[in-house]
Amino acid sequence: MNQAEIDSMARQFQQQGHEVVHDPTQAEQFIVNTCTVTHEASKTSRKLIRELHRANPHAQTTVTGCYAQVAPDDVMKLPGVVRVVDNTGKDNIVQTITGVTVKDFDHEPIARDTTIPGRTRAFVKVQDGCDNACTFCITTVARGAGRSRTIDEVVAEIRQLHQMGYQETVLTGVHLGSYGRDLGQNLKQLVQTILQQTEIPRLRLSSLEPWDLTEDFFELWQNPRLCPHLHLPLQSGCDTTLKRMRRNTTQDEFTALVATARAHIPNLLITTDVIAGFPGETDEEFAISCAFIEQMAFSGMHIFRYSKRAGTPAARMKGQVPEAIKKQRSKVLHRMAAHMQQRAANLFKGQALSVLWEHVTGATQDGFINVGYTDNYLRVWALHPRVLTNHITQATLGEYDPDKNQIQAYPIIE
Ligand code: SF4
């Protein structure tokens with residue numbers, strides 16, 4: 001989501017004739033789009049702001065995003081910071097900095113700009129805010145109530161991205177599954193319209209809360225341009241923990257959802273998020289959670305050690321789990337995640353899948369090292385005499401490298 005916002009800011013700067021540089025010493029302006037989803041994320045945001053100032057004390061730093069929203073005074077005191085923009089002002093940040101109105105989107109200046117590497121996959125923010133109240137989440141405070149962009153606006157942006165050369169767009173939102181509720185529409189209508197009215201070769205959905213999806217939603221995958229990958233954040237596989245988290249799902253509901261999705265979508269892979277050490281999580285609850293996660297056969301898992309966010313109900317709950325136990329549980333989950341990735345890779349070994357090649361990481365005597373993702377989101381690499389960047393090809397999957405979490409692939413090019 002933050003990435004989608006950054007991409008759009010970069011495009012607007014370029015539209016006004018500015019250059020986006022990757023070396024901080026060459027910059028005149030920095031924009032830091034902060035996160036505060038965990039304690040660690042806020043720390044990382046502060047660290048980055050300090051590092052940028054050290055690298056270039058002459059540049060001005062504008063800070064926006066959720067950490068800036070919840071702690072603007074702390075942010076303003078950081079070195080180099082000249083401006084803090086809250087989340088409501090984020091969409092106009094370029095205009096705030098340059099003083100020049102952002103005109104309708106014009107892709108020409110960007111099409112000529114060769115400094116942006118690998119224009120292959122673009123994130124498109126379609127929705128912001130959330131109306132749920134998960135007890136660990138500060139996002140509802142930081143991002144406010146749910147609001148959506150219109151279908152026409154999103155379709156126009158995706159058409160332009162496709163003209164610029166992007167082969168894949170990823171729809172993002174704080175609570176993507178609630179898309180359109182404020183407009184009397186829904187995510188299914190949005191996806192259907194994008195598939196009908198654009199020619200973008202690949203469309204991917206980012207994180208979807210499990211309680212938002214109905215059986216008819218999966219009919220969308222009859223169109224093979226919609227990538228067979230779902231990210232369904234579970235957070236815990238134990239019903240009592242889920243209840244304390246105020247997540248609107250249970251083991252039974254989640255199991256039914258996963259079964260329906262797998263029945264409708266060929267080659268589907270599902271990834272998830274899990275929190276280790278949520279307040280009150282006993283050894284028994286953790287064991288139940290792990291067994292359920294195993295049963296769901298995910299292909300990957302993001303693991304977060306629970307960290308208290310002031311202003312959330314979970315921060316005030318009894319039974320805060322000691323740091324050492326959180327660490328231990330996180331280790332167990334990481335081992336499970338490694339096993340899941342291996343299992344998913346084995347499942348497709350010898351099969352041909354569609355790959356969007358995203359960039360080249362080097363070259364050997366035998367060719368370029370091309371890296372990309374399958375439609376169901378397995379990371380692959382291939383030695384090939386050509387640079388395949390931004391091409392979609394079929395590729396046969398081979399050996400999995402657990403250290404790099406990537407699979408060797410053999411492109412099929414006729
Ligand atoms: S669904 Fe829950 S975790 Fe996700 S943004 Fe909303 S409140 Fe936060």
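Predicted model: local features only at pLDDT ≥ 70, side-chain atom pairs only at ≥ 80, totals over all residues.
Strand E8 pairs with strand E9 (residues 269-276) in the parallel sense, over three bridges.

E8 and E9 belong to an open sheet of three strands, ordered E8-E9-E10, with parallel pairing. Its edge strands are E8 (229-231) and E10 (300-305), and each of these pairs on one side only. From one strand to the next, the twist averages 15°. A helix covers part of this sheet. Helix H13 (residues 323-347) packs on the sheet and touches E9 and E10. The direction of H13 makes about 170° with that of E10.

## The sheet E1-E2-E3

A further open sheet has three strands in the order E1-E2-E3. Here the pairing is parallel. The edges are strand E1 (29-34) and strand E3 (81-84), each pairing on one side only. The twist in this sheet averages 25° from one strand to the next.

Look at strand E2 (residues 60-65). E2 pairs with E3 in the parallel sense over three bridges. Val63 stands opposite Val84 in E3. Helix H2 lies across E1, E2 and E3 and runs at about 170° to E1.

Is strand E4 (residues 121-128) largely enclosed or open? Seven of its eight residues are buried, so E4 is largely enclosed by the rest of the structure. A residue counts as buried here if 20 or more other C-beta atoms lie within 10 Å of its own.

E4 pairs with two strands, named here in turn. With strand E6 (residues 168-173), E4 pairs in the parallel sense over six bridges. Phe123 stands opposite Val170 in E6. With strand E5 (residues 147-148), E4 pairs in the antiparallel sense over two bridges. There, Gln127 has Ser148 in E5 as its bridge partner. Strands of a sheet pair through backbone hydrogen bonds, either parallel or antiparallel.

## Domains and their contact

How is the protein chain divided? The domain assignment gives domain 1 (12-98), domain 2 (108-347) and domain 3 (352-412). The C-alpha centres of domain 1 and domain 2 lie 26 Å apart. Domain 1 puts 14 residues into the contact, and domain 2 puts in 13 residues.

Which elements give two or more residues to the side of domain 1 that touches domain 2? They are helix H1 (2-15), helix H2 (39-55) and helix H3 (66-70). H3 gives the most, with three residues. The residues on this side of domain 1 divide into four nonpolar, eight polar and two charged.

## Around the ligand

Which residues are around the ligand? They are Cys130, Asn132, Ala133, Cys134, Cys137, Thr139, Thr140, Val174, His175 and Glu209. This shell divides into five nonpolar residues, four polar residues and one charged residue.

Key
Residues numbered from 1 in each chain as written. Near = placed C-beta within 6 Å. Nonpolar A, V, L, I, M, F, W, Y, C, P; charged D, E, K, R; others polar. Buried ≥ 20, exposed ≤ 12 C-beta atoms within 10 Å, placed from the backbone. Helix = DSSP H or I, 4+ residues; strand = E, 2+ residues; numbered from the N terminus. Pairing = 2+ DSSP bridges. Domains from an automatic or database assignment. Contact = placed C-beta atoms within 7 Å. Axes fitted to C-alpha atoms, helices over the stretch in contact; angles between N-to-C directions.
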